[in-house]
Amino acid sequence: MTEQEIIERIKTEEPLKGLSDIRIRTVEPQPKGLDPNVRPDVAITMEFTGIVIALYGEIKTQVTRKILEETGRLLARSNINKTDIRYVLICPFLSPENQKYCQENQIDFIDLCGNILIRIPGKVLIQRLGQPNIYKTSQLLRDPFFGASSRVARILLQFPGRIWTVSEIQQELIEESFKQGKDTYFQISLSSVSKTIKSLEEALLVRRDGVKIIVLDPKQILFNWIEKYQKRYRWARYPRYKEGQYVSEAWQCNNPFGFDIKTSIQGLRDQFPDLQTLVTGSAAASLIAPFTDIDQIDVFVLDNFEKQKLLDFTANTKEGKGPKFLFIYPYDPGIAMYSRIIDRVFVASDAQIYLDCSARGGRDAKQAEYLLTNIIEKQWNKK
């Protein structure tokens, strides 16, 4: 959507649908601003219950956190001591997270989906939040935590103190593949690495200094990732009804092999010699940061092992000895990056364990906090 298209939709009062006590009087593109340092894209005169409101709008066709912070500082500064006019952000859609940021940082806004926040001290408050996105257009920036792109984040979390270039990140993906004896298993293109870094930069999670890439706060990368991962976790681990039957990328199974993790995984290996497993979640965390008793062993199934064999095994295993298995078919091979062997068990990286514990919630989320404080952050400080 172009800037002109946004202005035309403002003229039709599209963002104000359902707000019968507000109407737009005039819309003037490219007006002269009251602040000589600000050149607004549009001036809007609005009437609210008999009160005339003058707005100067800064239009953004897409809003990233970097854009929001840069624009927000300018708008907030322009609004200081203003009682007769308000500088606002105007865009197609502002996410709930960005709406919250605006509330907390004195940034007023209007989006075309109907979300609106205008505050003129002592004069007016107009607020409507939580309207859904009706503009499902393709994103200019890729999700840095989805699919193969997430492999870049895994590298940055593994070596948070290192300064990288795009080509060095790609080379690290190749080297990690060789370390696990899988040729170029984790490799992605230079273009994909570059686009992912661009997304992380726009989210203010990394900084670019020429060709150098610097991690600003690895913990914030984890926190941003878990917001996306929780949705994917619930989608993958709960069955869905499709074409007359339930389907899922994960399911529980009774454990007939033993009471501890080592014996249980060895039993799986004996049962299925070709099965490659990767233990994650609270079971994996208990091997490096014991915090609570485990009631489930989360097992990633690697290399596309035939699902029907595990489904048949699940259906025929009526009795169990120890914690149940949760078999998971991963969304991307990158989940195996920086995995290692602990007590003869193939265990996921600390970052992956943290994601799975956090996403499950409850006492597992508390174990994730313990893992972060007592293992992950201490390793970051050493590196």
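This is a predicted model: local features need pLDDT of at least 70, side-chain atom pairs count only at pLDDT 80 or more; totals for chains, interfaces and linings use all residues.
Good morning. Let me begin with helix α3, whose buried residues are Asn98, Gln99, Tyr101 and Cys102. Around the axis they span an arc of only 160°, which places them on the same side of α3. The arc is taken from the directions that run from the helix axis to the C-beta atoms. Buried, throughout this talk, means under 20% relative accessible area, exposed means over 50%, and partly exposed lies in between, with a 1.4 Å probe and protein chains only. On the other side of α3, Pro96 and Glu104 are exposed.

Residues are numbered from 1 along each chain as its sequence is written, and side-chain values use heavy atoms, with hydrogens and water left out. Helices (H or I, at least four residues) and strands (E, at least two) are DSSP runs, numbered from the N terminus.

Returning to α3, what do its buried residues pack against? They pack against α2 (65-78), β5 and β6 (116-120), where contact means heavy atoms within 4.5 Å.

Just after α3 comes glutamine 106, with a positive phi of about 55°. Glutamine 106 belongs to the loop between α3 (96-104) and β5 (108-111). Its relative accessibility is 44%, so glutamine 106 counts as partly exposed. For context, most residues other than glycine have a negative phi. Tyrosine 338 also has a positive phi, near 60°, and is located in the loop between β15 (324-328) and β16 (340-342). Is tyrosine 338 buried or exposed? At 10% relative accessibility, tyrosine 338 is buried.

Next, helix α4. Of its 9 residues, 8 are buried, so α4 is largely enclosed by the rest of the structure. Among those buried residues are Arg151, Arg154, Ile155 and Leu157. Strand β13 (residues 276-280) is likewise largely enclosed, because 4 of its 5 residues are buried. With strand β14 (residues 296-302), β13 pairs in the antiparallel sense over 5 bridges; two strands pair if DSSP finds at least two bridges between them. Threonine 277, for instance, has valine 301 in β14 as its bridge partner.

I turn now to the aromatic rings. Rings of Phe, Tyr and Trp (its six-membered ring) pair if their centres lie within 6.5 Å; planes under 30 degrees apart count as stacked, over 60 as edge-to-face and the rest as tilted. How many aromatic pairs does this rule give? The count comes to 13. In one of them, phenylalanine 145 and tryptophan 225 have ring centres 5.5 Å apart and planes at 20°, so the pair is stacked. This pair links distant parts of the chain, 80 residues apart: phenylalanine 145 is in the loop between β7 (124-128) and α4 (150-158), and tryptophan 225 is in helix α7 (residues 218-237). Both phenylalanine 145 and tryptophan 225 are buried. Elsewhere, ring pairs join Trp251, Phe257, Phe272, Phe305, Phe313, Phe325, Phe327 and Tyr329 into a cluster.

Some rings also have a charge over them, a term that requires NZ of Lys or CZ of Arg within 6 Å of the ring centre and within 35 degrees of the ring normal. Arginine 162 lies over the face of tryptophan 164, 3.8 Å from the ring centre. The charged end of lysine 182 sits over the ring of tyrosine 185, at 4.6 Å from its centre.

Let us look briefly at helix α6 (residues 190-202), which holds glutamate 201. Glutamate 201 is buried, with a relative accessible area of 14%. Apart from neighbours within four places in sequence, glutamate 201 is in contact with Lys66, Val206 and Arg208. Serine 191 is also in helix α6, but serine 191 is partly exposed, with a relative accessible area of 40%.

Finally, a word on confidence. pLDDT is the predictor's confidence in each residue, from 0 to 100. The chain averages a pLDDT of 89, and 93% of the residues score at least 70. Thank you.
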